[in-house]
Amino acid sequence: MGKTLFFLVFLCVTLSFSQSKTFEISGTLISEDENLPLESATVYIERVKDSALVGYTITDKNGSFTLEDKTADTQLNLLISYVGYKTYSKIIKMDKTEINLKTITMQVDDNALDEVIIKSRAPMIIKKDTLEFNVKSFKTKKDANVEDLLKQLPGVEVEEDGQIKVNGKPVSRILVNGKPFFGNDPTITTRNLSKEIIEKIQVVDTKTKSQAFSGEEGDDENKTINLTIKEENNKGVFGRVSAGAGTDKRYEFAGMFNRFDNDQRLSVLAGGNNINSPGFSFGEIRKMFGGGNSRGFSGNGSFQVDGRSFGGGQGITTSKNVGANFADKLGEKVDLSTDYFYSGSSSDNVTSTQRENILPDSRYFTNSESRSFSDSDSHSANMEFDIEIDSTLLVNIAPTFRHTRNQTVFLRDEASRDELNTLTNESNTESTVETFGKNFSNDIEVTKRFGSKGAYLSLAIGNEIRKRESNDFLFSRTNIYGDSPDEIIRDQFTEGNNEVNNLNTDINYNIPLITKGLFLNFGYNYSRNVQEDKQSTLDKDTNGDYTVFNTDLSTDFEYINEILRPRVSIRYRNKKWSARFNTSYLYRNLENRDLLRPQFSIKRKFEAIELGSNFRYRFSPKSSMYFGHRLNNDPPQLRQLQAFQDVSNPLNTIVGNPDLEPTNSHRIYMGYNTFDPQKGTGFFSRFSASFINNQVVSNTTIDENFVRNTTYSNVNGNYRINGNLNYDKKVKLDSLRTLKYGIGIDGNKNRTINYNNGILYASNVIGVSPNIDFTFTWKDLMEFRPRYQINFTKNTFGIDSFKDREFLYHSLHLSTATFFPKHFEWRNEIQYNYNPNIADGFQKSSWFWNATLAHSLMKDKATLTLKAYDLLKQNTNARRTANENFIQDSQSTVLEQYFMLSFSWKFNSLGEKGEADDRRWRHGV
């Protein structure tokens with residue numbers, strides 16, 4: 001019966017498709033007042049009977065447009081929207097396949113204000129640097145969230161982990177009515193806010209508060225998305241709770257409560273699980289298996305949300321989290337935003353490693369087995385005050401507080417053998433480390449505008465105080481064999497105290513040479529970083545107490561990095577292009593005071609010029625290009641300058657080099673982006689190259705027992721070149737089915753100058769990674785998305801005895817979703833990886849399959865979900881790491897197969913109608 005019903009539905013839908021016919025509507029827009037073509041006007045057509053959007057496009061620089069689509073209707077409503085002009089409307093009879101409207105004159109709207117985006121049904125509006133989408137124009141499933149909505153917008157890509165790109169550029173912030181929503185983690189916003197409450201989505205270049213207030217250009221490499229909520233939808237409560245239990249004692253729970261009352265906003269969340277998930281993403285359908293390390297591919301197994309950690313360590317992590325966010329407008333002049341987070345986690349991990357160490361004339365092999373147990377707690381609080389004294393003066397104050405505790409137990413066995421499989425050294429290590437950290441920082445910024453031509457003065461001061469205390473109990477046994485055998489036993493306690501005090505001040509004065517066009521900017525930056533690091537190591541005495549001070553393993557440093565940087569820049573912008581050139585002169589004072597070994601204290605002074613420039617050109621609202629150059633200067637790290645012998649690792653003695661020079665790097669970058677919403681096409685390209693002089697590298701020599709001695713040296717000749725090309729196209733097969741496909745290629749070429757057992761040489765790495773993906777969507781029925789990528793890597797070396805190496809890696813990902821029968825949703829995520837280069841004993845290939853079956857209940861307010869994780873029991877994180885000095889294969893603990901039944905319920909008392917006030921957004925981005 002079910003198959004028959006599905007066949008009948010399929011037949012009816014197919015017959016309806018056959019009634020659709022292709023049409024093309026064209027014309028040219030001119031303004032009534034100036035008789036000039038209007039670029040970037042939105043042209044769209046709707047069905048007459050229900051105002052459903054059929055298609056849309058935007059006009060080019062000549063005011064021309066061509067709108068192509070399919071319809072079975074006999075007439076459609078054509079509308080044209082442009083800021084400052086009355087909306088044009090005309091009923092079009094669809095009795096022809098090609099309809100030329102010739103010239104259309106747009107009438108001036110005397111009631112329109114240029115600085116206000118007019119309320120309109122247009123699906124997309126381009127105004128200056130703002131791209132705005134009307135949510136009603138983009139259809140999604142009934143209970144869609146913001147992430148589902150974003151996937152429907154032209155030029156917007158949403159990755160599986162929730163990361164968002166707009167026209168190829170990453171989204172760094174998502175705001176709600178111009179304010180942060182739980183910090184800067186986009187997934188909390190996109191996966192928990194319902195599409196129903198959103199009216200418009202606005203996209204701009206990311207700006208600081210000062211940049212937005214002063215009218216400065218933002219970061220064109222990153223985008224900010226603002227979600228405007230309808231006014232009547234901005235009052236009420238909404239949220240969700242969920243819980244699940246599974247096999248192998250797996251569990252998860254999460255809850256989120258939100259109360260919106262116009263300017264006042266309160267949100268509370270809590271969660272916990274033992275499936276390597278942050279615990280509150282509510283991904284019961286799409287991201288039901290955790291946010292980053294449930295497969296074990298991540299290198300550290302921790303989750304970072306707006307700088308806060310949710311879980312730590314590789315392996316299996318159990319986490320718990322509680323957070324609250326509050327935002328309000330205090331009077332007419334002050335905006336307040338504050339949040340608090342608590343996160344706790346414990347993890348267990350076992351790692352096996354095999355490393356082939358490459359020397360100019362030989363090889364040796366190191367195998368290790370390690371296990372770690374980690375337990376951590378973190379409390380953090382953030383506040384932000386925006387105080388608009390008047391229309392020309394803005395003060396921003398942002399203090400933050402953090403307290404952390406971490407305890408780690410670490411066990412490791414390691415052994416090295418030569419090419420004849422002769423044991424040369426081995427070690428066993430047991431350590432228990434407990435650390436406590438406190439952090440306070442505060443940033444204050446004052447921006448003053450002068451007149452309306454673009455003049456402003458900004459002052460900024462920031463300070464940071466970090467304190468960390470540690471207690472480390474260590475027992476290790478190291479055996480060195482060969483002609484001079486030795487055994488080193490350490491049983492000791494180390495008390496550590498680290499304190500960092502940072503001060504940073506900055507002043508900017510912007511002078512308009514041409515009103516809102518050409519600007520001259522003078523600035524001055526002063527910063528002082530002071531770091532105190534004391535490690536007191538005590539050996540056991542004859543009574544078994546830790547009382548014997550070990551000078552060789554103790555340190556007491558004070559490191560000072562002071563910078564004075566005057567700068568000047570000139571900037572020009574108009575409607576088509578903008579350019580900036582800036583230069584600064586760097587005065588740097590470095591001082592390293594060794595209070596335990598005064599003879600190793602050093603003091604260095606450096607001077608350097610730093611340069612920066614960029615250029616952007618808009619060919620049209622649909623396409624643009626950019627390029628730029630940067631010259632930076634970076635000092636050596638403290639540990640690289642310290643001249644004393646660090647013998648904390650018996651198999652590797654490290655001595656710093658106080659004569660190291662700062663590193664200079666030249667970076668050039670460029671890109672070209674174009675998209676056409678009418679044709680559904682997008683092309684994005686990027687290229688960058690960095691050339692590095694005085695790069696600081698390790699210089700290690702190894703004796704016959706494979707015991708290492710390491711120092712640091714400056715080298716010249718390093719470079720990194722990389723780029724990518726991506727093309728995608730969305731084809732509307734009919735009113736219900738769409739096909740989107742994309743092809744891309746990433747490439748890189750790196751040259752690294754390094755030392756191998758005291759011999760200077762160059763290694764060259766060339767990598768190419770083509771990829772292809774398809775997405776087929778049948779509205780309300782199914783989604784099908786396969787993706788394939790292959791990585792080619794070739795390593796060549798400047799030492800004759802080193803063999804060139806080639807690596808190959810395949811990755812295939814398949815996502816499927818079906819939305820029938822009604823109220824059911826079945827999703828599958830299948831990943832295949834193949835690495836033929838990995839060593840014997842490690843898994844070379846794996847199929848990883850997750851599945852969920854969800855059933856909507858209680859009028860779509862609740863969901864019952866059955867999850868299956870790693871159906872094929874092939875989850876692995878075996879990986880190969882290769883560089884100029886070694887090839888390493890490793891494998892760690894991963895989350896294994898489980899099944900889980902979970903239930904979630906969402907509630908929402910927000911209104912359904914209204915209009916958003918986006919004045920705050922104007923000042924907040």
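Accessible areas here come from the Shrake-Rupley method with a 1.4 Å probe. The model is predicted.

**Exercise 1. Overall figures**

Task: State how much accessible surface the protein has, and what share of that surface belongs to carbon and sulfur atoms.

Solution. 
- Step 1. The accessible surface is about 43,500 Å².
- Step 2. Carbon and sulfur atoms hold 53% of that surface.
- Step 3. Turn to burial: of the 925 residues, 49% are buried.
- Step 4. Finish with contacts. Among those with a separation of 6 or more, 64% link residues 24 or more positions apart.

**Exercise 2. A nonpolar patch**

Task: Find which strands each supply at least two residues of the nonpolar patch, and which strand gives the most.

Solution. 
- Step 1. List the members: Val-241, Phe-824, Trp-826, Leu-853, Met-858, Leu-864, Leu-866, Leu-901, Phe-903 and Trp-905. Together they make a surface patch of about 900 Å².
- Step 2. E45 (824-834), E47 (862-869) and E50 (898-908) each supply at least two residues.
- Step 3. E50 gives the most, with three residues.
- Step 4. Check one member. Leu-866 is found in strand E47. Its relative accessibility is 45%, so Leu-866 counts as partly exposed.

**Exercise 3. Glu-252**

Task: Decide whether Glu-252 is buried or exposed, then list what Glu-252 touches.

Solution. 
- Step 1. Locate the residue: Glu-252 sits in strand E17, residues 251-261.
- Step 2. Apply the cut-off: buried means under 20% relative accessible area. Glu-252 has 19%, so this residue is buried.
- Step 3. Leave out residues up to four places away in sequence; Glu-252 then touches Ala-243, Gly-244, Gly-272, Asn-273, Ile-275, Lys-867, Met-900 and Ser-902.
- Step 4. Relate two of these to the strands of Exercise 2. Lys-867 falls within the range of E47 (862-869), and Met-900 within that of E50 (898-908).

**Exercise 4. Backbone exceptions**

Task: Identify where the cis peptide bond lies, and in which loops Asn-262 and Asn-421 are placed.

Solution. 
- Step 1. Recall the rule: most residues other than glycine have a negative phi, and most peptide bonds are trans.
- Step 2. Phe-820 and Pro-821 are joined by a cis peptide bond, with omega about -5 degrees. Pro-821 lies in the loop between E44 (805-818) and E45.
- Step 3. Asn-262 has a positive phi, near 55 degrees. Its loop runs between E17 and E18 (264-273). With a relative accessible area of 38%, Asn-262 is partly exposed.
- Step 4. Asn-421 also has a positive phi, about 65 degrees. Its loop lies between E24 (393-418) and E25 (423-450). At 52% relative accessible area, Asn-421 is exposed.

Notes: Residues are numbered from 1 along each chain as its sequence is written. This is a predicted model: local features need pLDDT of at least 70, side-chain atom pairs count only at pLDDT 80 or more; totals for chains, interfaces and linings use all residues. Side-chain values use heavy atoms; hydrogens and water are left out. Buried means under 20% relative accessible area, exposed over 50%, partly exposed in between (1.4 Å probe, protein chains only). Contact means heavy atoms within 4.5 Å. Patches are made of residues with over 30% relative accessible area and no salt bridge: like charges are joined within 9 Å, nonpolar side chains (Val, Leu, Ile, Met, Phe, Trp, Tyr) within 5 Å. A salt bridge is a side-chain nitrogen of Lys or Arg within 4 Å of a carboxyl oxygen of Asp or Glu. Helices (H or I, at least four residues) and strands (E, at least two) are DSSP runs, numbered from the N terminus.
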